[in-house]
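Dear colleague,

Please find below the structure that I am handing over to you. My notes on it follow directly after.

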4 protein chains.
Amino acid sequence: MRADKKPNPVIGSGKHATVRLTAVTKKSIQDRERTMDSKHQQLFTRYQHTRKLSRDIVEPLQPEDLVIQSMPDASPIKWHLAHTSWFFETFLLKPFLTGYRPFQSQFEYLFNSYYNHVGPQYLRKNRGLISRPTVTEVQEYRQYVDDNIATLLTRPLSEATLNLLELGINHEQQHQELMLTDIKHAFSFNPLFPALADHQPQPQPIAALNWQEYAGGEQMIGYRGTGFHFDNEGPAHPVLLPPFKLATRLITNGELQDFVDDGGYKNPLLWLSDGWAWLQGNAIAQPLYWQQMEGQWHHYTLSGLRPLLQHEPACHLSYYEADAYAQWCGKRLPTECEWEVAAQQQPLDNSGLHLGRLHPHCGTDPASAQATLQQLYGSCWQWTQSAYSPYPGFKPATGAVGEYNGKFMCNQQVLKGSSCVTPQGHSRASYRNFFPAHAQWQFTGIRMADDV
Amino acid sequence: MRADKKPNPVIGSGKHATVRLTAVTKKSIQDRERTMDSKHQQLFTRYQHTRKLSRDIVEPLQPEDLVIQSMPDASPIKWHLAHTSWFFETFLLKPFLTGYRPFQSQFEYLFNSYYNHVGPQYLRKNRGLISRPTVTEVQEYRQYVDDNIATLLTRPLSEATLNLLELGINHEQQHQELMLTDIKHAFSFNPLFPALADHQPQPQPIAALNWQEYAGGEQMIGYRGTGFHFDNEGPAHPVLLPPFKLATRLITNGELQDFVDDGGYKNPLLWLSDGWAWLQGNAIAQPLYWQQMEGQWHHYTLSGLRPLLQHEPACHLSYYEADAYAQWCGKRLPTECEWEVAAQQQPLDNSGLHLGRLHPHCGTDPASAQATLQQLYGSCWQWTQSAYSPYPGFKPATGAVGEYNGKFMCNQQVLKGSSCVTPQGHSRASYRNFFPAHAQWQFTGIRMADDV
Amino acid sequence: MRADKKPNPVIGSGKHATVRLTAVTKKSIQDRERTMDSKHQQLFTRYQHTRKLSRDIVEPLQPEDLVIQSMPDASPIKWHLAHTSWFFETFLLKPFLTGYRPFQSQFEYLFNSYYNHVGPQYLRKNRGLISRPTVTEVQEYRQYVDDNIATLLTRPLSEATLNLLELGINHEQQHQELMLTDIKHAFSFNPLFPALADHQPQPQPIAALNWQEYAGGEQMIGYRGTGFHFDNEGPAHPVLLPPFKLATRLITNGELQDFVDDGGYKNPLLWLSDGWAWLQGNAIAQPLYWQQMEGQWHHYTLSGLRPLLQHEPACHLSYYEADAYAQWCGKRLPTECEWEVAAQQQPLDNSGLHLGRLHPHCGTDPASAQATLQQLYGSCWQWTQSAYSPYPGFKPATGAVGEYNGKFMCNQQVLKGSSCVTPQGHSRASYRNFFPAHAQWQFTGIRMADDV
Amino acid sequence: MRADKKPNPVIGSGKHATVRLTAVTKKSIQDRERTMDSKHQQLFTRYQHTRKLSRDIVEPLQPEDLVIQSMPDASPIKWHLAHTSWFFETFLLKPFLTGYRPFQSQFEYLFNSYYNHVGPQYLRKNRGLISRPTVTEVQEYRQYVDDNIATLLTRPLSEATLNLLELGINHEQQHQELMLTDIKHAFSFNPLFPALADHQPQPQPIAALNWQEYAGGEQMIGYRGTGFHFDNEGPAHPVLLPPFKLATRLITNGELQDFVDDGGYKNPLLWLSDGWAWLQGNAIAQPLYWQQMEGQWHHYTLSGLRPLLQHEPACHLSYYEADAYAQWCGKRLPTECEWEVAAQQQPLDNSGLHLGRLHPHCGTDPASAQATLQQLYGSCWQWTQSAYSPYPGFKPATGAVGEYNGKFMCNQQVLKGSSCVTPQGHSRASYRNFFPAHAQWQFTGIRMADDV
């Protein structure tokens with residue numbers, strides 16, 4: 001327990017020696033950056049920015065916090081830090097950097113998430129048993145990968161290779177969101193209710209929930225620009241929509257409390273059949289992270305346990321809960337097409353993750369002040385009634401990265417928008433997030449829809 | 001164990017006395033039928049026909065066979081016999097037949113499947129523990145309900161009430177299919193491999209698997225006629241489809257064996273993520289009911305255990321298996337819209353359940369001889385890649401029958417067509433069957449699709 | 001569902017033909033009995049008596065009742081009927097009756113309980129899925145075995161063979177008790193609460209609970225006579241006991257209700273650690289078969305659901321419950337040695353199973369009227385604090401019957417005495433019954449002990 | 001992830017402020033020690049020695065290692081460090097040190113293992129989710145408790161209070177063994193196979209396995225001295241034993257490999273019924289920590305993964321495995337009385353835990369060189385065929401410490417001796433260790449016995 005000493009990274013067994021940073025790889029990153037062409041430089045700047053954000057996220061945490069895993073669906077923060085580096089090592093350095101020596105041969109297995117093309121994977125539910133490599137060693141691994149990426153970018157690279165690097169950056173952004181949802185889930189089991197942020201939310205007036213109508217008709221959905229997007233956002237294609245309307249903001253905690261107080265969690269008539277079975281099977285009687293204390297609702301947040309913040313958008317709701325709430329209101333959830341068509345008509349709100357806040361954004365952002373629909377982005381992901389299916393003509397990429405999205409197209413619901421823990425620049429109208437209907441630990445909320 | 005004696009139906013407790021058939025209710029059904037108006041008569045004929053088919057299905061079975069339940073998803077045959085009667089009693093006799101006395105007060109609870117509007121339900125997974133009422137008592141219950149339905153139809157009834165009767169008939173038809181799939185599943189656990197039918201299949205030449213192209217474009221789907229249909233088949237609405245093509249017949253056992261022999265069940269790259277987890281978690285290495293005996297594939301059928309019938313359409317496949325097979329071929333499964341649009345262009349093959357056969361139909365039916373697509377109906381339900389979702393504008397009926405379809409619209413895949421155990425007259429192009437992706441015990445097969 | 005017709009016993013597959021009773025085997029049993037020597041005759045009389053009791057037990061039941069299995073620890077009655085016949089076929093007819101043809105080759109596998117020496121076994125938890133052979137076919141199997149046993153006994157047989165026959169008779173007696181405990185458990189899941197017996201219990205005055213002292217010292221335990229006994233009852237051997245005292249009767253339902261009403265099921269301080277975990281894990285809040293109805297305790301009995309019979313010995317208690325009750329009283333349970341030493345000093349009460357009663361005997365039997373300890377036999381098995389271990393020098397028999405008792409000597413507690421559903425002649429002071437500490441479905445009660 | 005910074009121990013929530021070490025409590029421990037009377041001084045020396053050993057054990061570990069929990073039966077090392085301090089705080093400081101302020105109010109709940117008298121407990125299986133308090137904070141907690149114990153011992157204390165302190169010391173010794181077994185279990189899931197010790201075992205000649213005979217007869221067992229012992233070791237009492245013999249040493253890995261190679265794990269005839277079910281249910285095919293690599297058996301040890309050390313005593317065996325091995329040899333395991341009677345005739349080998357070794361001791365210790373039985377202590381705990389039951393007249397202590405041993409007297413087997421990770425001074429002939437029959441993760445081995 002020598003907090004100050006650095007023991008051999010993997011004690012005991014000489015077989016698992018890791019590659020040490022050498023003088024060559026340690027050559028100043030700035031030096032190398034100067035030799036890159038401007039396109040590579042630009043990409044490298046974004047790479048470095050993203051890598052730094054991962055470090056910033058874990059800054060207030062202790063090594064102990066980075067090891068724990070609260071459920072198979074969540075991963076230790078340390079695993080996220082390593083896996084995002086594994087992604088660059090596996091898909092960029094190994095195939096494209098001549099002479100690259102892997103940092104540690106066992107990492108290919110330990111930090112592979114689900115890429116069967118690459119090879120077998122360490123059992124997902126046991127990730128929380130992997131105390132070694134330590135946090136310090138994972139930091140060294142990250143540094144080693146960064147150094148080598150810098151070297152790689154000094155060389156001529158094909159468009160396809162650069163696309164993979166961009167995919168890796170977006171992949172790490174997705175894991176940044178997961179780091180925060182996963183540590184929140186893990187901390188919620190601790191009766192000390194640790195806090196990550198120091199946010200002091202102020203009660204705010206809640207805008208009236210209005211309805212915005214849309215004409216429907218033949219519309220295009222899917223990504224149509226020239227920038228980065230995931231394969232599941234295409235091909236863009238026309239759809240036919242009947243007229244519809246959407247609520248102008250998300251449902252608040254206060255509104256959700258009305259549902260709870262009205263016996264919403266005890267009335268099977270409001271729930272999907274699977275949802276009711278899930279409620280019964282898991283003895284769920286209130287939203288995740290809510291608890292009664294001295295007759296008052298509290299909820300655990302990333303700034304600690306608090307009396308229920310009435311004005312904030314309700315979050316951590318499963319699809320089942322979102323659907324039951326909409327039923328209770330006599331409304332429904334939107335389809336992914338409806339949501340996307342409506343969002344196309346608004347400016348993109350480019351706000352994103354704010355480490356001091358980490359609460360669902362509830363006000364009116366400057367960028368969206370004049371927008372019709374509030375909280376499209378940066379607050380809570382919004383469940384749609386659309387199952388996650390391939391768009392017509394969708395073909396996954398060949399090779400391992402083809403496993404990124406396509407193989408999950410079953411038993412998942414599409415979520416649109418983005419949340420308060422989504423990194424800046426990671427939101428767009430065509431984005432298709434997806435989770436199983438029972439998932440609660442993401443920042444997921446409710447925007448209601450209705451027929452016209 | 002007095003097989004010949006009739007003890008008190010429910011031994012011991014006087015509290016549970018059942019209503020006995022009285023002279024009044026026993027008054028000849030024919031007499032009453034003569035007093036019905038012709039519309040009621042016509043409906044009653046269909047009612048009687050359906051009720052008789054249930055009796056015919058269980059005819060070769062023993063009382064012992066009717067009690068067993070092989071898994072929570074399946075039910076004892078005796079439960080099906082009682083529940084279909086409960087449906088008529090609950091939704092027609094209790095509300096609309098003045099003075100009706102329920103046969104047995106506890107049956108409301110015992111034979112309620114999932115209607116929360118009606119009240120709580122006996123635990124589904126324990127249905128196989130309910131030896132009482134006996135088979136004989138359930139027959140009496142059925143007779144009692146039939147008598148009372150006859151009486152009901154001598155009276156003037158609203159259109160809505162007649163629609164409920166029609167719903168009840170179609171409901172019993174659905175359970176007739178389930179009786180056969182459930183007893184097949186239960187019998188498959190018995191090393192004596194009991195047989196229900198005496199079918200002697202003859203090897204047949206297998207037609208070449210050809211591809212039929214369709215232009216796509218704007219098409220209508222959903223039920224547009226004036227006859228009976230389930231609420232989930234509407235509203236009819238236009239959709240936009242790209243051009244596509246469909247295989248002209250289903251995949252055969254022989255073709256599926258090629259997949260098995262090629263290691264299809266061992267290659268994660270072919271499977272959806274959930275599908276691979278399902279395979280691993282349940283140690284599945286071949287199709288349901290298949291087993292190796294002395295180096296040769298056999299499969300259990302409703303006519304007993306047999307060497308694999310190569311020419312028959314492959315069935316009892318989960319969505320995961322169907323999808324993996326299509327991946328292996330470099331193809332895909334159809335969407336429900338594609339299937340329906342193609343089927344609209346063909347005559348409806350009105351063949352149906354044949355108690356002496358009970359095998360997937362593999363030949364060319366007279367009605368479909370000149371049709372382009374073979375085996376649309378009467379062979380195997382065909383998995384589509386479409387999740388089961390509400391059509392735009394769908395509203396479930398009010399009251400308990402509103403629970404019939406709507407609350408299952410999550411985590412299910414749509415199946416189109418019908419199977420060899422679907423009763424005659426129960427098939428149509430707009431029919432939307434649905435099961436979870438892992439379900440194997442229905443007669444479910446593969447029709448492949450592809451982009452043009 | 002032709003209750004009156006006899007179809008082919010195993011439908012469909014010609015491979016599983018059963019042996020038919022022939023003229024030779026049908027030759028009158030009485031004829032053969034006359035040719036037996038007197039020792040064989042005497043044994044055959046007991047054999048026939050036991051076989052008839054099995055038939056008598058199932059007489060009031062329906063075929064449907066004989067198929068159901070409520071938990072892996074219990075078996076369908078039909079299985080018990082077949083398995084007890086399998087025992088005679090496997091251990092007597094196959095090895096010792098020259099030319100014997102097994103009734104059905106698959107039965108060796110289907111009705112083997114746990115004898116690995118004999119071969120693999122059908123999965124215990126799935127016994128309730130085996131509708132075939134039918135009840136009628138099992139009756140024919142029993143008749144076939146009886147005929148052949150009669151033939152066997154016309155021949156000269158070794159002492160060891162006759163001992164196996166006696167073991168088979170005692171084995172069937174054990175299963176007779178299990179038939180009644182298993183059907184009670186299964187019926188308890190039926191909201192119709194079927195009854196097997198027509199018992200009308202009369203409230204009786206309850207004798208005061210007194211304490212009888214014993215001096216302890218060096219005592220012999222284990223079977224020392226010349227009659228039948230199980231291998232686990234020997235070798236007889238001396239033990240050293242401190243002085244002790246035993247309660248003169250069992251704890252009643254009324255006394256147990258005081259424990260329940262005092263919060264006994266909510267106080268962890270009264271329970272063994274495993275017991276409390278069992279309570280929590282299974283949400284147990286009252287004794288098995290007890291339920292509150294309109295503010296009053298009822299319990300399900302083999303004569304139906306009744307208001308709690310206060311004066312009857314409490315039964316269906318797990319070891320955990322028995323121990324917690326004793327803790328609550330500041331007492332303890334006896335050791336098996338204490339119980340046996342005390343019982344040796346009393347006449348054996350030879351009462352036994354009474355099919356019209358089937359309730360724990362609560363009065364004073366004629367035979368025990370002058371006895372100090374009441375209800376040693378014929379009421380409830382009595383939990384001891386002794387784990388089930390081999391006596392010093394114990395060696396299981398060689399061969400398959402060596403698996404009868406020895407391999408269960410771990411994680412079980414010894415029970416002494418016998419119950420109201422133990423067949424007559426099956427009780428003795430040295431008898432060692434055993435069940436895991438959580439078992440509740442046997443007729444198991446509480447006799448308290450204390451140090452002097 | 002600031003390894004070098006010390007954030008607020010419990011981030012965010014002001015409610016959980018911990019007591020800080022003040023000048024008064026920090027007053028030099030030596031100063032206070034000088035004011036103790038000699039009996040208190042002596043005890044305090046042992047206290048300090050034990051507390052230091054806990055620190056020494058974790059010295060080579062990283063903070064990440066101290067958080068992980070590999071199964072509900074094991075605990076994180078950090079939890080052990082805190083719980084052993086909780087024991088002193090709860091049973092000594094709170095009741096007996098006037099004015100004592102608990103370090104952190106929530107710790108009473110968080111670090112209570114199973115004392116229902118004290119209050120409810122944090123869910124055992126979730127201990128691995130508690131990243132806070134951090135390792136550093138737990139060290140402060142330990143220091144705080146040590147300071148206050150020093151203060152307590154400057155005051156006059158009753159005999160009973162001093163006995164509780166002695167119990168606390170022995171309690172921490174037990175947890176020291178658990179720290180090592182638990183981290184070994186957790187590390188074994190890591191494909192990097194971390195090592196704690198740097199032991200280089202040398203192959204040694206293996207002494208012949210001889211048999212030592214004992215006459216049996218009336219013998220005393222149980223603790224009869226005046227020193228510390230657990231309540232379950234008494235009362236001492238006479239027992240009657242037949243003659244018996246014991247193997248002079250433990251079974252080695254090499255001997256166990258013969259059993260494995262002979263198909264021991266595939267032959268149900270060798271196993272207890274529960275043992276075989278455990279084997280099947282957990283797919284166990286070799287001893288814990290063994291694995292085949294390139295055709296050779298290896299095992300994971302606290303000095304890393306190694307080719308099987310043939311000469312070392314076999315360990316990490318469940319009772320089921322120990323019993324099956326003995327069956328295979330035609331022998332049996334000893335009873336706890338046999339083991340204790342034999343051990344009484346030998347000098348006590350006072351060797352104990354050696355942090356540089358951490359392997360089962362296989363040689364002949366100086367103290368036992370002339371002893372008949374080798375490896376009674378300091379190598380592997382030795383399974384006995386005796387279930388863990390109360391000795392005649394046993395009464396647990398009143399109050400919470402009465403829960404220490406008594407409530408576990410069900411479904412456990414007694415183990416005798418001690419292991420290579422038992423602290424020095426913690427072994428004696430009357431010691432009764434106990435674990436469930438399936439437990440493998442302790443250092444548990446096989447000494448065989450036989451009848452004479």
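No contact joins chain B and chain D, and their closest C-alpha atoms lie 13 Å apart; two residues are in contact if their C-beta atoms, placed from the backbone, lie within 7 Å. Chain A and chain C likewise do not touch, with their nearest C-alpha atoms 13 Å apart.

The model is predicted: local features need pLDDT of at least 70, side-chain atom pairs count only at pLDDT 80 or more, and totals for chains, interfaces and linings use all residues. Residues are numbered from 1 along each chain as its sequence is written, while chains are lettered from A and ligands numbered from 1 in the order in which they are written.

Chains A and D

Between chain A and chain D there is an interface, where 45 residues of chain A are in contact with 45 residues of chain D. On the chain A side, the elements that give two or more residues are helix H5 (107-110), helix H6 (135-153) and strand S7 (304-307). Helices (H or I, at least four residues) and strands (E, at least two) are DSSP runs, numbered from the N terminus. By class, this side of chain A has 26 nonpolar, 14 polar and five charged residues. Here Ala, Val, Leu, Ile, Met, Phe, Trp, Tyr, Cys and Pro count as nonpolar, Asp, Glu, Lys and Arg as charged, and the others, Gly among them, as polar.

Chain A is superposed on chain D by a rotation of 180° with 0.0 Å of shift along its axis (RMSD 0.0 Å), using least squares on the C-alpha atoms of residues with pLDDT of at least 70 in both. The two copies are therefore related as by a two-fold rotation axis. In chain A, the C-alpha nearest this axis belongs to A:Glu64, 2.7 Å from it. The same surface serves both copies, as 100% of the contact residues of chain A recur in chain D.

Two helices of chain B

Helix H4 (residues 77-96) and helix H6 (residues 135-153) of chain B pack at an angle of about 30°, with their axes 10 Å apart. Axes are lines fitted to C-alpha atoms, for helices over the stretch in contact, and angles run from 0 to 180 degrees between N-to-C directions. H4(B) is therefore roughly parallel to H6(B), a term for angles under 35 degrees. Residues of H4(B) in this contact include B:Leu81 and B:Phe88, and those of H6(B) include B:Val138 and B:Ile149.

Yours sincerely

Terms used: Angles under 35 degrees count as roughly parallel, over 145 as roughly antiparallel, 65 to 115 as roughly perpendicular and the rest as oblique.
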